[in-house]
Amino acid sequence: MNSIKFLYAAYIATWLIHGFYLGTLLRRYSRLRQQKKELGK
Amino acid sequence: MKRAFPILAILTALLLAYAFYEAMWVAPMERTMGDVQRIFYYHVPSAWTAFLLFFVNLIASVIYLIRRNAKADAIAVVSAEVGVVFCTVVLVTGPIWARPVWGIWWTWDIRLTTTLVLWLIYVSYLVLRRFSDSSQTPKLAAVLAIFGALDVPLVYFSIWFFRTQHPQPVIGGGGSIDPRMLHVLLLNWLAFSCFALLVCWARYRLELLEREVEDAQSLESLVGDNRLGVKRPGEHSLPLKTNLPLDKNTSRTGTQ
């Protein structure tokens with residue numbers, strides 16, 4: 001059983017999920033900052 | 001508070017790195033499963049963190065229903081969203097562990113099925129929050145959150161009360177664990193809990209900014225209507241810094 005591949009896959013998948021979510025938060029944040037700036041004009 | 005965030009972020013990153021090192025190289029190898037058992041150090045802490053966040057969501061939802069507190073509503077949204085992310089990790093890492101150990105990716109076992117149902121309930125909660133404009137949305141979502149939280153003990157205790165393929169609980173129940181493994185497990189849980197706290201903090205600030213922008217847009221649209229000479233009944237009574245709900249007849253976007 002070459003289980004080490006599955007171990008790496010699980011750890012990588014975990015951080016990909018968290019990374020993807022943090023990426024969406026960053027995108028939302030920059031969009032909102034932009035909207036706020038436009039509203040302030 | 002602004003200074004505390006980067007300091008906590010650095011400490012959490014160090015703790016996560018140390019917990020990863022312990023999980024990969026310090027924790028003893030399990031005799032029958034081998035290295036794949038180490039998935040457990042990410043899978044179980046993610047599940048516990050998701051449960052904790054759904055519990056926070058329940059408390060915040062109950063507070064919102066009792067007091068109509070906008071901060072409680074924001075905390076409910078944040079905890080549900082971050083909880084869904086951790087629950088997704090559980091649902092992804094579980095099958096990756098199951099494939100080499102059970103020989104299958106998925107089975108409709110009670111623990112797996114109730115976890116999937118839990119994830120679906122909270123995803124539907126987030127869909128409701130995202131796409132409904134009604135002023136009743138926070139109230140409906142809070143009620144849905146209470147029903148969703150009922151599934152958490154069902155997920156947790158399912159392996160105690162039903163015959164299941166899933167391993168027995170490591171703390172309490174019929175399972176047992178090497179003390180060194182328990183130490184690494186708890187260390188990883190601490191690291192993931194700190195990480196969840198940080199993400200919730202960032203997401204909470206984002207939620208406040210989102211509401212601020214929505215309120216500003218509502219006001220701007222009302223001012224725009226005024227320029228055109230359109231009179232809207234009761235528009236002057238709209239609070240400047242409104243968080244949900246604006247009033248009984250006004251939606252989040254300020255339309256009737």
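## Chain A

Of the 41 residues in chain A, 32% are buried, where buried means under 20% relative accessible area, exposed over 50% and partly exposed in between, with a 1.4 Å probe and protein chains only. This is a predicted model, in which local features need pLDDT of at least 70 and side-chain atom pairs count only at pLDDT 80 or more, while totals for chains, interfaces and linings use all residues. Side-chain values use heavy atoms, with hydrogens and water left out; residues are numbered from 1 along each chain as its sequence is written, and chains are lettered from A in the order in which they are written.

Chain A has 1 helix and 0 strands (DSSP runs numbered from the N terminus, with helices being H or I of at least four residues and strands E of at least two). Along the principal axes, its C-alpha atoms fill a box of roughly 65 × 5 × 5 Å. The accessible surface of chain A is about 2,900 Å², and 64% of that belongs to carbon and sulfur atoms; such areas come from the Shrake-Rupley method with a 1.4 Å probe, and for residues only the protein chains shown count as cover.

## Salt bridges

Over all chains, the structure holds 10 salt bridges, each a side-chain nitrogen of Lys or Arg within 4 Å of a carboxyl oxygen of Asp or Glu. One of them pairs A:Lys36 with B:Glu212, with the closest N and O atoms 3.1 Å apart. It joins two chains, because A:Lys36 lies in helix H1 (residues 4-40) of chain A and B:Glu212 in helix H6 (residues 179-227) of chain B. A:Lys36 is partly exposed at 34% relative accessibility, and B:Glu212 is partly exposed at 32%.

Within chain B, the closest N and O atoms of B:Arg211 and B:Asp73 are 2.8 Å apart in another salt bridge. B:Arg211 sits in helix H6 and B:Asp73 in helix H3 (residues 70-102), so this pair ties together parts that are 138 residues apart in sequence. Both B:Arg211 and B:Asp73 are buried. Through shared partners, salt bridges join A:Arg28, B:Asp73, B:Glu81, B:Arg129, B:Arg203, B:Glu207, B:Glu210 and B:Arg211 into one network.

## Aromatic pairs

Let's turn to the rings. The whole structure has 20 aromatic pairs over all chains; rings of Phe, Tyr and Trp (its six-membered ring) pair if their centres lie within 6.5 Å, with planes under 30 degrees apart counted as stacked, over 60 as edge-to-face and the rest as tilted. A:Trp15 and B:Tyr42 have ring centres 6.3 Å apart and planes at 80 degrees, so they are edge-to-face. This pair crosses between chains, from helix H1 of chain A to helix H2 (residues 40-67) of chain B. A:Trp15 is partly exposed at 31% relative accessibility, whereas B:Tyr42 is buried at 3%.

B:Phe86 and B:Phe192 are also edge-to-face, at 6.3 Å centre to centre and 90 degrees between the planes. With B:Phe86 in helix H3 and B:Phe192 in helix H6 of chain B, the pair ties together parts 106 residues apart in sequence. Ring pairs link a cluster that includes A:Trp15, B:Tyr42, B:Phe86 and B:Phe192.

## Helix H4 of chain B

Helix H4 (residues 110-131) of chain B has 22 residues and reaches 31 Å from its first C-alpha to its last, close to the 32 Å expected at 1.5 Å a residue (the expected span is 1.5 Å times one less than the number of residues). Its buried residues include B:Leu118, B:Tyr122 and B:Arg129.
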